[in-house]
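Colleague: Please pick one part of this model and look at it closely. Start where the copies meet, then work through one fold in detail.

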Number of protein chains: 2
Amino acid sequence: MAKDMTLWWGSGSPPCWRVLIALEEKNLQGYNQKLLSFEKGEHKSKEVMDVNPRGQLPAFKFGDIVINESYGACFFLESKFKSQGTKLIPDCAGSDNNCALIALIMQRVFEGNTLHQKMADVFMYNRRVPENERHESAFKRLKETLTTELQMWEGHLKKTPGGFLAGENFSMADVIVFPSVALLLRMGLSEDKYPKLAEYYKKLQGRPSVKATWPPTWKETPGQELLKDI
Amino acid sequence: MAKDMTLWWGSGSPPCWRVLIALEEKNLQGYNQKLLSFEKGEHKSKEVMDVNPRGQLPAFKFGDIVINESYGACFFLESKFKSQGTKLIPDCAGSDNNCALIALIMQRVFEGNTLHQKMADVFMYNRRVPENERHESAFKRLKETLTTELQMWEGHLKKTPGGFLAGENFSMADVIVFPSVALLLRMGLSEDKYPKLAEYYKKLQGRPSVKATWPPTWKETPGQELLKDI
């Protein structure tokens with residue numbers, strides 16, 4: 001089954017990493033994969049554009065089916081391989097406990113989009129905004145917004161014992177959000193200021209699906225300090 | 001069952017509207033609802049903050065379960081009431097046709113987030129960016145980015161016959177994306193330049209779930225022209 005799948009991905013990109021982790025958790029090793037370089041612009045190559053006209057990674061094919069949105073690919077894999085590998089979203093019908101758990105997973109999964117966006121806003125400011133339009137005040141505001149967001153996630157982790165984002169078991173919330181947390185730490189987030197996020201990061205580092213998909217470029221180069229004052 | 005639910009919402013907000021439509025489609029009429037005013041800052045009231053610490057609408061409770069993220073609430077309702085009302089996401093296991101359909105629905109659902117973000121970037125520029133940080137060039141770039149995005153959706157609708165976003169049947173893709181399309185038209189999007197989006201908008205206007213949840217403030221005030229040149 002996995003042989004029918006092809007993933008085009010880039011190292012260190014949280015959207016790509018989500019799909020890589022989901023494939024591992026669903027025991028779909030053996031899929032075709034092409035590791036491309038953002039720096040070389042390979043995400044804009046004809047090969048990628050033919051699959052994903054947005055020219056973004058991940059791009060993902062399963063037989064004739066194309067599903068490039070990372071959230072979509074993860075939800076699709078869970079739906080298609082429901083009873084294979086890790087159950088990332090429990091079934092709801094009939095059990096009220098599971099309903100509360102699904103709600104929490106969904107809440108964290110989609111809050112994860114806000115976390116990712118606020119992180120990307122800080123990372124991309126100097127890269128995307130032309131120099132003559134940049135303002136120190138705007139950059140400072142983006143960093144403050146990210147700080148508020150991170151404090152919210154510290155609170156989430158304090159309120160949810162068990163070490164995973166939705167409690168005692170690894171779930172879709174971790175598939176989606178862990179790569180963003182890892183990137184935050186990689187970019188210099190202070191472990192002293194965000195002890196719960198740091199603890200979460202360390203706990204999941206040892207998980208086989210995470211180890212097997214660790215960004216290859218991160219193994220070769222040191223972390224950065226962009227977020228050390230956040 | 002619906003009596004256990006409470007939705008706090010604001011008129012014309014696509015995230016709120018998604019949940020309103022999902023509740024109708026799943027035959028959950030009769031829930032408690034509180035229509036609040038963004039203008040009066042009621043989304044920052046203690047009542048809302050107690051349910052949604054982000055101070056955003058929608059806020060949604062179902063018994064003791066809180067699920068405020070609009071995508072999350074819609075997915076949760078579909079999961080909990082799978083066989084009640086409209087089936088918004090088909091089951092995948094066993095049928096390859098359904099798998100292709102789920103993938104298409106997921107792809108459009110999550111691309112819908114990009115559409116919404118690019119629309120919001122244009123709407124919010126003058127409201128959110130302090131005057132001394134504004135640049136005509138930045139605003140123009142946001143409008144161009146939205147134009148490119150809209151052309152992509154015109155293409156989606158051309159390629160998917162059947163009149164709905166994922167083909168012949170109303171699905172989660174329509175629940176999520178229709179409110180953004182309606183807001184675009186309300187803000188002056190040209191029906192001549194975007195004929196497929198306009199056709200889609202008109203088709204869904206007559207759907208009972210959409211009619212029943214049409215933003216009350218839109219009935220009282222005329223549309224705007226912000227997007228007429230997009």
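**From the axis to the sheet**

Modeller: A:Glu133 is the residue of chain A that comes closest to the rotation axis, with its C-alpha at 3.8 Å. This is a predicted model: local features need pLDDT of at least 70, side-chain atom pairs count only at pLDDT 80 or more, and totals for chains, interfaces and linings use all residues. Residues are numbered from 1 along each chain as its sequence is written, chains are lettered from A and ligands numbered from 1 in written order, and side-chain values use heavy atoms, without hydrogens and water.

Chain A goes onto chain B by a rotation of 180 degrees with 0.0 Å of shift along the axis, at an RMSD of 0.0 Å. That is how a two-fold axis relates its copies. The superposition is by least squares on the C-alpha atoms of residues with pLDDT of at least 70 in both copies. Both copies use the same surface: 100% of the contact residues of chain A recur in chain B. Contact means heavy atoms within 4.5 Å. Chain A brings 35 residues to it, and chain B brings 35.

Interface size is often quoted as the accessible area lost when the parts come together. Here about 3100 Å² is buried between chain A and chain B, and carbon and sulfur atoms give 57% of that. A:Arg54, A:Phe110 and A:Glu133 supply 20% of what chain A buries against chain B, more than any other three residues. Buried area is the accessible area (1.4 Å probe) lost on putting two parts together, summed over both.

There are 6 salt bridges between the chains. A salt bridge puts a side-chain nitrogen of Lys or Arg within 4 Å of a carboxyl oxygen of Asp or Glu. One of them links A:Arg141 to B:Glu133, with the closest N and O atoms 2.7 Å apart.

Now the sheet in chain B. It is open, has 4 strands in the order S2-S1-S3-S4, and pairs in mixed fashion. Strands S2 (32-36) and S4 (65-66) of chain B are the edges, each pairing on one side only. Strands (E, at least two residues) and helices (H or I, at least four) are DSSP runs numbered from the N terminus; two strands pair if DSSP finds at least two bridges between them.

S1 (residues 5-10) of chain B runs parallel to S2(B), joined by 5 bridges. There B:Leu7 has B:Gln33 as its bridge partner. S1(B) is antiparallel to S3(B), over 4 bridges. B:Met5 partners B:Phe62 in S3(B). S3(B) and S4(B) are also antiparallel, with 2 bridges. B:Lys61 faces B:Val66 of S4(B). These two strands make a hairpin with 2 residues between them, and B:Gly63 in the turn has a positive phi of about 60 degrees.

B:Leu57 and B:Pro58 are joined by it, at an omega of about 5 degrees. B:Pro58 lies in the loop between helix H2 (46-51) and S3 of chain B.

Two helices lie over the sheet. H1 (residues 14-25) of chain B lies across S1 and S3 (59-62), at about 140 degrees to S1(B). H3 (residues 70-80) of chain B lies across S1, S3 and S4, at about 20 degrees to S3(B). Axes are lines fitted to C-alpha atoms, for helices over the stretch in contact, and angles run from 0 to 180 degrees between N-to-C directions.
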